[in-house]
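I opened my notebook to look up a few spots in this structure. The entries below follow the order in which I checked them.

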Amino acid sequence: MHVAVVVRDYDEAIAYYTNVLGFELLQDIDQGNKRWVLVKPRGKASCSILLARASDDTQAAFVGNQAGGRVFLFLHTDDFWADYAAMKVAGVRFVEAPRDEAYGMVVVFEDLYGNRWDLLQMKPPVSAS
C-alpha cells in the first residue's frame, strides 16, 4: 500500500525523509514530467509513501496541510525513546512533549512541510481473562 504526500520538490523531500526521518528510498523513477518516488520507514513497514510533487497551484495549496491541521500519518516504533531522541538530534520539529496515553507513548511532530505525524509506540493489548 502507498500513501501519497504532496511535496514542493522531489529532492528536498527525499533528503528529508531519508536523512532526517531515516526512511529508505525504494524507488526514484524519472517519468518525464514527473517522478515516481517511494520511501518507507526502515524495517518491516508494510506501507510506503509516494512523494508526489505538486503539479499546479491547486495541489501546491495542500502541501503541508493534507489533513486540515490534524495528525495525518502515524509512524510506529518499537523503541519510542530511542527514536524520539534520534529524531530530535536530526532536527525533527516536535509540537508537544511526549505523553503516555492509555494506548501507548505518543508525540506529534511535523515533517518539513508541516504535515502532522504521530510517533507512536503502542502498549501491548490487555488480554481478557
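**Entry 1: Lys40.** This is a predicted model. I began with the side chain of Lys40. One of its polar atoms lies 2.8 Å from the backbone oxygen of Gly43. Next I asked where Lys40 lies; it is in strand S3, residues 35-40. Is Lys40 buried or exposed? I found a relative accessible area of 11%. The cut-off for buried is under 20%, so Lys40 counts as buried. I then listed what Lys40 touches, leaving aside neighbours within four places in sequence. The contacts are Phe23, Glu24, Leu26, Ala45, Cys47 and Ser48.

**Entry 2: the sheet.** I followed S3 into its sheet. The sheet is open and has 4 strands, in the order S1-S4-S3-S2, with mixed pairing. Which strands stand at the edges? They are S1 and S2. Each has a single partner strand, so one side of each has no neighbour in the sheet. I noted an average twist of 25° from one strand to the next. Then I looked at one pair. S3 and S4 run antiparallel to each other and share 3 bridges. Leu38 has Leu50 in S4 as its bridge partner.

**Entry 3: helix H1.** I turned to what packs on this sheet. H1 does, and it touches S1, S2, S3 and S4. The direction of H1 makes about 155° with that of S4. Which residues of H1 are buried? I wrote down Tyr10, Ala13, Ile14, Tyr16, Tyr17 and Thr18, within a helix that spans residues 10-20. I also checked what covers these buried residues. The cover includes S1 (2-7), S2 (24-30), S3 and S4 (48-53). Strands S8 (104-110) and S9 (116-122) are also included.

Asp9 caps the N-terminal end, with a side-chain oxygen 3.0 Å from the backbone nitrogen of Asp11. Just after H1, Gly22 has a positive phi of about 80°.

**Entry 4: Ala90.** I moved on to helix H3, residues 80-90, where Ala90 lies. The relative accessibility of Ala90 is 34%, which makes it partly exposed.

**Entry 5: the whole span.** Last, I checked the record. An unreviewed UniProt entry carries the annotation "domain: VOC" over residues 1-122. Over residues 1-122 I noted 21% helix and 41% strand. The end C-alpha atoms of that stretch are 21 Å apart.

Conventions: Residues numbered from 1 in each chain as written. Predicted model: local features only at pLDDT ≥ 70, side-chain atom pairs only at ≥ 80, totals over all residues. Heavy atoms only, no water. UniProt positions renumbered as here; feature names shortened; annotations may be inferred. Helix = DSSP H or I, 4+ residues; strand = E, 2+ residues; numbered from the N terminus. Buried < 20%, exposed > 50% of the residue type's maximum accessible area, 1.4 Å probe, protein only. Polar contact = N/O pair within 3.5 Å; in protein donor to acceptor, adjacent residues only side chain to side chain. Contact = heavy atoms within 4.5 Å. Pairing = 2+ DSSP bridges. Axes fitted to C-alpha atoms, helices over the stretch in contact; angles between N-to-C directions.
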